[in-house]
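Subject: Structure handover

Hello,

Here is the structure for you to look over. My notes on helix packing, salt bridges and aromatic pairs follow below.

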Amino acid sequence: MHDLELLLRGGVVGVALLLALLFWRARPGTALAWTGALLLTGAAAYALWGLPQSPGWPFGLRVLLVGLAAPAPFFFWLLVRLIFEDGFRPRPVHLPWFLWMEVCGLSAMALRGVVPADVTQLLTLGFRLPSLALIGHALWCLWRERSGDLVERRRTLRVAVLTAGGVVAALVVVAALLVRPAPDRAPPVRLAESALLLTLLVAAGASFATVHADLMPEEEAAPRQAPSAPPPDPPDEDAAALARLDALMSGG
């Protein structure tokens with residue numbers, strides 16, 4: 001089971017980082033590119049942090065992983081609104097959500113085993129409960145505007161995001177109820193979580209990715225026969241008669 005979990009989490013990391021790169025290349029330097037890339041990088045970090053051996057990794061690596069993974073629901077909320085709400089832009093008023101989740105997540109990781117367990121559990125709830133609130137609000141926004149969206153492709157995508165977002169929200173609820181760090185969860189729970197994350201990422205990639213026509217050469221058609229030369233025009237009898245008349249009149 002451990003080897004299968006490693007395989008699945010490795011797949012999550014690879015697919016998430018590839019999609020992050022594609023997101024960035026699609027709209028480089030924009031808020032959409034930054035948000036999508038950070039969300040997907042956070043998913044990759046969360047997959048690595050869920051490994052049971054992660055608490056023994058160097059402190060700097062753990063800070064990096066938790067710092068990327070903790071605010072992932074915040075970036076999901078931003079991404080949903082950037083894609084589906086015309087005119088929405090990130091504003092300074094949104095920043096406290098991000099900072100609060102970062103502080104609580106990093107503090108829970110750094111103080112684990114140093115302070116009483118009740119303190120780290122409160123800190124863990126400090127970023128999981130805002131995660132639930134942001135995911136719930138994002139799904140509500142998707143549902144509220146579903147009938148007014150005039151872009152057909154985007155209306156179809158709403159259903160997919162609502163479904164996937166519901167699954168993610170369910171995962172977050174379970175994690176919040178357990179209030180246990182990801183590495184400490186039971187192996188079957190970690191395995192199911194890994195499989196579900198990989199499935200969601202592959203489905204998301206299938207929804208967003210397009211294959212450029214230049215990479216799909218057309219099949220060569222059968223050689224076409226060269227068109228035959230048109231038949232010569234029939235002799236113009238009137239022109240010949242006029243030529244003979246002109247010769248007679250000129251005394252030829």
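I start with a helix pair. The axes of α5 and helix α6 (residues 117–144) come within 8 Å of each other, and they cross at roughly 150°. Please keep in mind that this is a predicted model. The crossing of α5 and α6 is left-handed. On the α5 side, the contact is made by W97, W100, M101, C104, G105, S107 and A108. On the α6 side, T120, L123, T124, G126, F127, P130, S131 and L134 take part. By class, the α5–α6 contact has nine nonpolar residues and six polar ones. It has no charged residues.

Helix α2 (residues 31–49) and α4 have axes that come within 9 Å, crossing at roughly 145°. This crossing of α2 and α4 is left-handed. From α2, the contact takes in A31, L32, T35, G36, L38 and L39. From α4, it takes in A72, F75, F76, L78, L79, L82 and I83. The classes here are 11 nonpolar, two polar and no charged residues.

F75 leads on to the aromatic rings. How many aromatic pairs does a search of the whole structure find? The search gives six. In one of them, the ring centres of F75 and F98 are 5.8 Å apart and the planes stand at 55°, so the pair is tilted. Is F75 buried or exposed? Its relative accessibility is 10%, so F75 counts as buried, because buried means under 20%.

W77 and F88 form another aromatic pair, and this one is edge-to-face. The distance is 6.2 Å centre to centre, with 85° between the planes. W77 lies in helix α4 and F88 in the loop between α4 and α5. They are 11 residues apart, and the pair links distant parts of the chain. Both W77 and F88 are buried. Taken as a group, F74, F75, W77, F88 and F98 form one aromatic cluster.

Now the charged side chains. A search of the whole structure turns up three salt bridges. E5 and R9 make one of them, at 2.9 Å from N to O. Both residues lie in helix α1 (residues 2–26). They are four residues apart, about one turn of the helix. E5 and R9 are both buried.

E5 also meets R190 in a salt bridge, at 3.0 Å from N to O. Which parts of the chain does this pair tie together? R190 lies in helix α8 (residues 187–208) and E5 in helix α1, so the pair joins parts that are 185 residues apart in sequence. R190 is buried, as is E5.

Best wishes

Key:
Residues numbered from 1 in each chain as written. Predicted model: local features only at pLDDT ≥ 70, side-chain atom pairs only at ≥ 80, totals over all residues. Heavy atoms only, no water. Salt bridge = Lys/Arg side-chain N within 4 Å of Asp/Glu carboxyl O. Helix = DSSP H or I, 4+ residues; strand = E, 2+ residues; numbered from the N terminus. Buried < 20%, exposed > 50% of the residue type's maximum accessible area, 1.4 Å probe, protein only. Phe/Tyr/Trp six-rings, centres within 6.5 Å; stacked < 30°, edge-to-face > 60°. Axes fitted to C-alpha atoms, helices over the stretch in contact; angles between N-to-C directions. Left-handed = near helix turned anticlockwise from the far one by under 90°. Contact = heavy atoms within 4.5 Å. Nonpolar A, V, L, I, M, F, W, Y, C, P; charged D, E, K, R; others polar.
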